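Reader: I would like to learn how to read a structure, one feature at a time. Please start from the chain and work towards the details.

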Amino acid sequence: MLHFLTSAANSTGSLFSPLLLMVVLFAVMYFMMIRPENKRKKEQEAMRSAVKNGDHITSIGGIIGVVVNVKESSVVMETGADQVRIELAKWAISTNETAAAAAEAEAKKAKEAKAKAKAAKKAEK
């Protein structure tokens, strides 16, 4: 397709074909790079806003701990056996292991329910 567009631009000399080529390239770039990045950012923001007391989190610096207090723009986490408390900005939360484990368990339940339904359907036949 690119060869067709470039040859059409060379043969006719019009400005429409290079413009069409630029629009196609921008569309491809949008769907391959920009859209997935925006989706990932939204997922991260949703994860950070859903943090609650008792969640096991990891910061972007690698600090692992349990959330003991959630504020508007920060969280207080407790690390280790000596119960050191650290206040982190919400944007510094990398992962929420508690939410990830819950999502994994829910996916496993859904998969088992689907397999059960499939086995029941197969038994009916």
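Reader: In which helix is methionine 33 found?

Author: Some ground rules come before the answer. This is a predicted model, in which local features need pLDDT of at least 70 and side-chain atom pairs count only at pLDDT 80 or more, while totals for chains, interfaces and linings use all residues. Residues are numbered from 1 along each chain as its sequence is written, and side-chain values use heavy atoms, with hydrogens and water left out. Helices (H or I, at least four residues) and strands (E, at least two) are DSSP runs, numbered from the N terminus. Methionine 33 is found in helix H2, residues 16-49.

Reader: How many helices and strands are there in the protein?

Author: There are three helices and five strands. Along the sequence they follow the pattern α-α-β-β-β-β-β-α.

Reader: Which residues make the nonpolar surface patch?

Author: Patches are made of residues with over 30% relative accessible area and no salt bridge; like charges are joined within 9 Å, and nonpolar side chains (Val, Leu, Ile, Met, Phe, Trp, Tyr) within 5 Å. A salt bridge is a side-chain nitrogen of Lys or Arg within 4 Å of a carboxyl oxygen of Asp or Glu. Areas come from the Shrake-Rupley method with a 1.4 Å probe, and for residues only the protein chains shown count as cover. Here Phe26, Val28, Met29, Tyr30, Phe31, Met32, Met33 and Ile34 make a nonpolar patch of about 810 Å². The protein exposes about 9,800 Å², and carbon and sulfur atoms supply 63% of that area.

Reader: Which residues form the largest nonpolar core?

Author: In soluble globular proteins, nonpolar side chains tend to be buried together. A nonpolar core is a set of buried Ala, Val, Leu, Ile, Met, Phe, Trp, Tyr and Cys residues joined through side-chain atoms within 4.5 Å. The largest one in this model has eight residues: Met47, Val51, Ile57, Val67, Val75, Met77, Leu88 and Ile93. Contact means heavy atoms within 4.5 Å. Not counting residues up to four places away in sequence, leucine 88 touches Ser59, Ser74, Val75 and Met77.

Reader: In what sense do strands E3 and E4 pair?

Author: Two strands pair if DSSP finds at least two bridges between them. Strand E3 (residues 74-79) and strand E4 (residues 84-89) pair in the antiparallel sense over six bridges. Serine 74 stands opposite alanine 89 in E4. At threonine 79 in strand E3, the relative accessibility is 13%, so the residue counts as buried. Leaving aside neighbours within four places in sequence, threonine 79 is in contact with Ile63, Ile64, Gly65, Val84 and Ile86.

Reader: What lies between the strands of that hairpin?

Author: The hairpin has four residues between its strands, and glycine 80 takes a positive phi near 65°. Glutamine 83 lies in the loop between E3 and E4. Its phi is near 55°, a positive value in a residue other than glycine. Glutamine 83 is exposed, with a relative accessible area of 51%.

Reader: Where does asparagine 96 lie, and is this residue buried or exposed?

Author: Asparagine 96 lies in strand E5, residues 93-96. The residue is buried, at 5% relative accessible area. Asparagine 96 and isoleucine 57 are 39 residues apart in sequence, yet 4.5 Å apart in space, C-alpha to C-alpha. Beyond its neighbours within four places in sequence, asparagine 96 is in contact with Met47, Val51, Asp55, His56 and Ile57.

Reader: How many salt bridges does the structure hold?

Author: The structure holds four salt bridges. One of them joins the side chains of glutamate 37 and arginine 40, at 2.6 Å from N to O. These two residues are three residues apart in helix H2, so about one helical turn separates them. Lysine 71 forms a salt bridge with glutamate 87, the closest N and O atoms being 3.4 Å apart. Lysine 71 lies in the loop between strand E2 (64-70) and E3, and glutamate 87 in strand E4, so the pair ties together parts that are 16 residues apart in sequence.

Methods:
Buried means under 20% relative accessible area, exposed over 50%, partly exposed in between (1.4 Å probe, protein chains only).
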